[in-house]
Amino acid sequence: MQSDSLINRAISNYADMVYRILICHIGNKADSDDAFQDVFVRLYRSNEEFISDEHLKAYLIRISINIANDYHRRHFWKNKIELEDIYGTQEIDNDDYGVMEAILSLPNKYRSVIYMFYYEEYKADEIAAILHMKTNTVYSLLKRGREKLKELLKGESDESIQEDA
């Protein structure tokens, strides 16, 4: 079991990140709220020795993704995400909104690496360690994910050009 100070530090430093990961993967606020609690309960019950804050952060990302995947196995439904849930009370720039919407429409394997690379600013080798895959696999997923994003975003810009005409 972890100490209360570690749990409090994890919540104060990483709660927003954990919640964004859960809402991106699970797709609705109610289940994400439940999963959020599950992440920190699992942290509390773990016997893991954390050597740094980065180690703790990586652990929380991995646990968040695992718990989100558990929710998918329990519930046979498609993701339906309100982007306002991801951004909270922050102002949403139209470009950010479109990009996040495109990222959320990607298959999970691309969504995870794209999110971790661009939003959490992990390097490919760090993502590989967290997700238990080879670094070259991460590079491949990033490349394919970017290509899919480019197609999706190009399609959106083509539609907006036609609407403006």
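The protein has eight helices and zero strands, where helices are DSSP runs of H or I with at least four residues, strands are DSSP runs of E with at least two, and both are numbered from the N terminus. Read along the sequence, this gives the pattern α-α-α-α-α-α-α-α. The model is a predicted one, in which local features need pLDDT of at least 70 and side-chain atom pairs count only at pLDDT 80 or more, while totals for chains, interfaces and linings use all residues. Residues are numbered from 1 along each chain as its sequence is written, and side-chain values use heavy atoms, with hydrogens and water left out.

Of the 165 residues of the protein, 41% count as buried; buried means under 20% relative accessible area, exposed means over 50%, and partly exposed lies in between, with a 1.4 Å probe and protein chains only. The accessible surface of the protein comes to about 10000 Å², and 48% of this surface belongs to carbon and sulfur atoms. Such areas come from the Shrake-Rupley method with a 1.4 Å probe, and for residues only the protein chains shown count as cover. Among contacts in the protein with a separation of 6 or more, 66% are between residues 24 or more positions apart, a contact being heavy atoms within 4.5 Å.

The interior comes next. In soluble globular proteins, nonpolar side chains tend to be buried together. Here the largest nonpolar core holds 45 residues, of which Val39, Leu43, Leu56, Leu60, Ile61 and Met116 touch the most other members. A nonpolar core is a set of buried Ala, Val, Leu, Ile, Met, Phe, Trp, Tyr and Cys residues joined through side-chain atoms within 4.5 Å. The elements giving two or more residues to this core are α1 (4–26), α2 (29–45), α3 (53–74), α5 (94–104), α6, α7 and α8. For valine 39, the contacts beyond four places in sequence are Val18, Leu22, Leu60, Ile63, Ser64 and Ile67.

The packing of α1 can be followed against two other helices. The axes of α1 and α3 come within 9 Å and cross at roughly 40°. That makes α1 oblique to α3, since angles under 35 degrees count as roughly parallel, over 145 as roughly antiparallel, 65 to 115 as roughly perpendicular and the rest as oblique. Axes are lines fitted to C-alpha atoms, for helices over the stretch in contact, and angles run from 0 to 180 degrees between N-to-C directions. The crossing of α1 and α3 is right-handed; a crossing has this hand if the near helix is turned clockwise from the far one by less than a right angle, and is left-handed if anticlockwise. Residues meeting across this pair include Val18 and Leu22 of α1, and Leu56, Leu60 and Ile61 of α3. The axes of α1 and α2 likewise come within 9 Å, with a crossing at roughly 145°, and α1 passes α2 in a right-handed crossing. Val18 and Leu22 of α1 are also among the residues that meet α2, where the partners include Val39 and Leu43.

The contact is made by Val113, Met116 and Phe117 of α6 and Ile127, Ile130 and Leu131 of α7, and the crossing of α6 and α7 is right-handed.

Isoleucine 130, in helix α7, counts as buried because its relative accessibility is 6%. Leaving out residues up to four places away in sequence, isoleucine 130 touches Ala58, Ile61, Arg62, Met116 and Tyr122. From aspartate 125 to tyrosine 139, 14 residues apart in sequence, the C-alpha to C-alpha distance is 9.0 Å.

Two loop residues complete the picture. Glutamate 121, in the loop between α6 (108–118) and α7 (124–131), has a positive phi of about 60° although it is not a glycine. At 67% relative accessibility, glutamate 121 counts as exposed. Histidine 132 lies in the loop between α7 and α8 (135–164). Its phi is near 55°, a positive value in a residue other than glycine, and histidine 132 counts as exposed at 67% relative accessibility.
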